[in-house]
Amino acid sequence: MFESLKKKFSRTSDKLEEELKEEAQQENNLDPDEKPQKKRSFFSFGRKKEEPKEEETTGQLALESGEDNSGEEVEESSLLSEETIDSEEITKDEPEEEKKSFFSFGRKKKEGSLEEEADDESAEETEDGSEEESGDKKSFFSFGRKKSEDDEESSGGFFSFIREKTISEKHVEDTLWELEMGLLEGDVAMEVASEVVDSVKQNLVGKKIKRSNDITEYTFNALRDAVAEIIDIPGKNMTEMIEEKKAQGEPLVVMFVGINGTGKTTTIGKLANYYLKKGYTPVIAASDTFRAGAIEQVNYHADNVGVKLIKHQKGSDPAAVAYDAIEHARAQGKELVLIDTAGRMQTNTNLMDEMKKIKRVANPDLVIFVGDALTGNDATEQAVKFNDAIDVDGVILTKADADSKGGASLSIGYVIKKPILFLGMGQGYDDIMEYDAQWMLNQLFSEDEEEVSESE
């Protein structure tokens with residue numbers, strides 16, 4: 001999810017790093033004596049640090065102190081690591097070993113075999129005939145090995161400054177302009193893009209840096225903090241509201257609005273299934289009476305999940321259908337009423353007026369706008385129009401699992417100041433999840449799905 005946004009965030013860090021490095025080169029402020037260190041990737045700052053195992057820690061302390069567990073001094077040869085052994089120089093005084101065949105380099109070494117490890121050592125002769133260490137020389141088959149995470153992080157670009165630098169407005173000006181343009185291209189709303197850029201600028205300017213990893217870390221934290229403020233809109237929890245209404249002996253009445261094709265009716269089926277599995281008994285009202293096909297569609301979902309559907313004939317009063325569904329829930333002791341309404345464009349005044357009538361009659365506890373995450377800015381604009389017309393209480397975004405841009409997910413709640421309640425994550429009835437801002441943040445600032453699951 002949200003690959004486009006993640007790339008833009010990472011590029012912001014790279015761009016700022018390039019800007020500062022270029023200036024440091026002009027000032028002769030790069031440290032030429034800096035020893036090579038790992039260059040951390042942008043998203044690595046979001047990883048949870050693993051605590052070393054007790055056995056490893058004890059072993060490390062023993063190595064550092066030069067003593068084994070019994071307190072006796074450990075011989076120098078026993079402290080040599082495999083890499084150290086591999087890199088030791090083999091002198092000419094040692095007996096000549098049997099020459100290894102070409103394919104012998106693919107064999108797995110036996111543990112503890114110092115002689116075989118020494119055989120793998122290749123020494124290069126200098127012009128004066130002396131031998132040099134060649135531990136860095138790669139064998140033929142080593143080029144096919146997959147790089148480890150540490151290798152990838154340590155590759156390229158680490159630098160440090162001789163004199164500490166302070167990030168100024170001129171350093172971030174071009175970088176943040178590029179970020180803002182990138183966010184707008186990713187269907188992030190204008191006011192959201194501006195808010196993110198302003199927040200990042202405020203957090204970065206004045207920061208003192210010594211190494212390139214400092215730049216990456218500060219940029220990561222500034223972006224993460226900015227996005228965290230954007231996506232965490234406080235609001236009502238639907239499950240808690242059901243319990244509150246249940247205590248009063250009343251059903252929770254939820255009305256769904258949105259345009260055609262966003263997955264509104266399917267979402268109602270998913271929510272009915274979701275709360276049925278939680279032990280509640282929902283009932284669905286087929287208040288989209290403008291199309292006969294709409295009644296058939298919601299009836300199909302109700303049958304599939306096993307909940308009661310209240311319906312009238314095509315062309316009947318949709319408000320009357322909603323009213324009958326609420327009365328049925330009260331009479332049968334059901335806890336949840338889900339009201340389907342006709343999909344309509346926000347510019348259709350007559351249909352919007354009809355929707356207002358349903359709201360007056362049904363007096364719903366929640367009005368939920370259902371938007372398609374893949375439509376980006378269109379979904380945000382639709383939410384604004386529906387909110388102006390009927391005052392929605394929350395949002396459900398469908399097709400969030402297929403959203404690579406992430407514009408709607410980042411923008412819609414912030415723009416209308418109403419929370420996202422659920423996310424549609426697939427085509428099955430179980431493919432819906434309650435929205436969690438921390439989960440969303442992990443999605444945006446983790447390298448892959450495995451890291452997201454580990455952080456939860």
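Ile284 has Leu338 in strand β8 as its bridge partner. The two strands concerned, β6 (residues 282–286) and β8 (residues 336–340), run parallel and are joined by five bridges. The model is a predicted one, and its protein chain contains 17 helices and twelve strands.

**The eight-stranded sheet**

- The strand order β7-β6-β8-β5-β9-β10-β11-β12 describes an open sheet of eight strands with mixed pairing.

- Is strand β9 (residues 366–372) buried or exposed? Seven of its seven residues are buried.
- Leu366, Ile368, Val370 and Asp372 point one way from β9, while Val367, Phe369 and Gly371 point the other way. Residues of both groups are buried.
- This arrangement can be set beside a general rule: side chains in a regular strand alternate between the two faces of the sheet.
- Strand β5 (residues 252–257) runs parallel to β9, and four bridges join them. Phe256 has Ile368 in β9 as its bridge partner.
- β9 is also joined to β10 by five bridges, again in a parallel arrangement. Here Gly371 is partnered by Leu397 in β10.
- Together with helix α14 (residues 377–390), β9 and β10 make a right-handed β-α-β unit.

- Strand β11 (residues 420–424) is largely enclosed by the rest of the structure, because five of its five residues are buried.
- Strand β10 (residues 394–398) pairs with β11 in the parallel sense over three bridges, and Leu397 has Leu423 in β11 as its bridge partner.
- A right-handed β-α-β unit is made by β10, helix α15 (residues 407–416) and β11.
- What is the sense of the pairing between β11 and strand β12 (residues 432–434)? These strands pair in the antiparallel sense over three bridges, and Leu423 stands opposite Met433 in β12.

**Helices α8 and α16**

- In general, two packed helices are described by the angle between their axes and the distance between the axes.
- The axes of helix α8 (residues 212–231) and helix α16 (residues 437–444) come within 10 Å and cross at roughly 140°. The crossing of α8 past α16 is right-handed.
- Which residues of α8 and α16 meet? From α8 they are Arg224, Val227, Ala228 and Ile231, and from α16 they are Ala437, Gln438, Met440, Leu441, Asn442 and Leu444.
- Sorted by class, this contact of α8 with α16 has seven nonpolar, two polar and one charged residues.
- α16 is mostly covered, with seven of its eight residues buried. These are Ala437, Trp439, Met440, Leu441, Asn442, Gln443 and Leu444.

**The chain as a whole**

- Of the 456 residues in the protein chain, 43% are buried.
- Among contacts in the protein chain with a separation of 6 or more, 77% are between residues 24 or more positions apart.

Technical notes: Residues are numbered from 1 along each chain as its sequence is written. This is a predicted model: local features need pLDDT of at least 70, side-chain atom pairs count only at pLDDT 80 or more; totals for chains, interfaces and linings use all residues. Side-chain values use heavy atoms; hydrogens and water are left out. Axes are lines fitted to C-alpha atoms, for helices over the stretch in contact, and angles run from 0 to 180 degrees between N-to-C directions. A crossing is left-handed if the near helix is turned anticlockwise from the far one by less than a right angle, and right-handed if clockwise. Contact means heavy atoms within 4.5 Å. Ala, Val, Leu, Ile, Met, Phe, Trp, Tyr, Cys and Pro count as nonpolar, Asp, Glu, Lys and Arg as charged, and the others, Gly among them, as polar. Buried means under 20% relative accessible area, exposed over 50%, partly exposed in between (1.4 Å probe, protein chains only). Two strands pair if DSSP finds at least two bridges between them. A crossover is right-handed if, with the strands pointing away from the viewer, the path from the first strand over the helix to the second runs clockwise.
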